[in-house]
Amino acid sequence: MAMHASDLGHALFKVLETGDPALAAEVVHDEFHNREAAVSPPACRIPGPAGVLASSAWMRYAFDDLRLPVTDIVTNDSQAWVRLRMRGRHTGAFVLFNAQGVDQVVPPTGREIDFEQIHVLDLRDGKVVRHEAVRDDITMLGQLGVFPPGPAAGLRMLSWRVTGRAAKAAAEVTTRAAEAAAALPRDTTV
């Protein structure tokens, strides 16, 4: 039974909060594309539910008790516009990637984040097939204490890079994202 567009919007963010493979298979289209995956580990760019599970692992690696409560949702037959808050505690390295590999590693700060995001979801065949977002990343980085850049945060990030902790964290989150993508249940229909 197909979910209503608003249910799909809520369910997609529940997958990101929990990493639930069965729910991902239920709500994410096999041709799913995440326009925002460019700053994520490579596994997050995999089409379909596997990429969403990888994105969940990536975010949950950095943010303990990750919550994405939906505050508003507007839908039609082919799209859902979701306004939500991203909340959690920064307990793991937040690793950002670019086309060449690791771009930046923000060491854990222990700080709470709580900021607004707007997501546009394209829907097809009763599932989410595309995602893009408008996020307030500057507010998040401010809450983490790394924007505007200050000497203490800069030295901490540099220390992580020089000591190899940044590379180790990037390798670990890349592995976790790939393992999450591989955890997708296979079709068992005959």
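Helix 3 (residues 49–62) has 14 residues and reaches 21 Å from its first C-alpha to its last, close to the 20 Å expected at 1.5 Å a residue. The expected span is 1.5 Å times one less than the number of residues. Helices (H or I, at least four residues) and strands (E, at least two) are DSSP runs, numbered from the N terminus. The model is predicted: local features need pLDDT of at least 70, side-chain atom pairs count only at pLDDT 80 or more, and totals for chains, interfaces and linings use all residues. Residues are numbered from 1 along each chain as its sequence is written, and side-chain values use heavy atoms, without hydrogens and water.

Buried means under 20% relative accessible area, exposed over 50%, and partly exposed in between (1.4 Å probe, protein chains only).

Helix 1 (residues 5–18) also has 14 residues. Its end C-alpha atoms lie 20 Å apart, in agreement with the 20 Å span given by 1.5 Å a residue. Here 10 of the 14 residues are buried, so helix 1 is largely enclosed by the rest of the structure. Among the buried residues are Leu8, Leu12, Phe13 and Glu17. Just after helix 1, glycine 19 takes a positive phi of about 70 degrees.

Strand 3 (residues 70–75) and strand 4 (residues 79–90) pair in the antiparallel sense over 5 bridges. Pairing requires at least two DSSP bridges between two strands. The two strands form a hairpin, with 3 residues between them. Aspartate 72 stands opposite arginine 83 in strand 4.

Leucine 158 is found in helix 5 (residues 151–163). Leucine 158 is partly exposed, with a relative accessible area of 48%.
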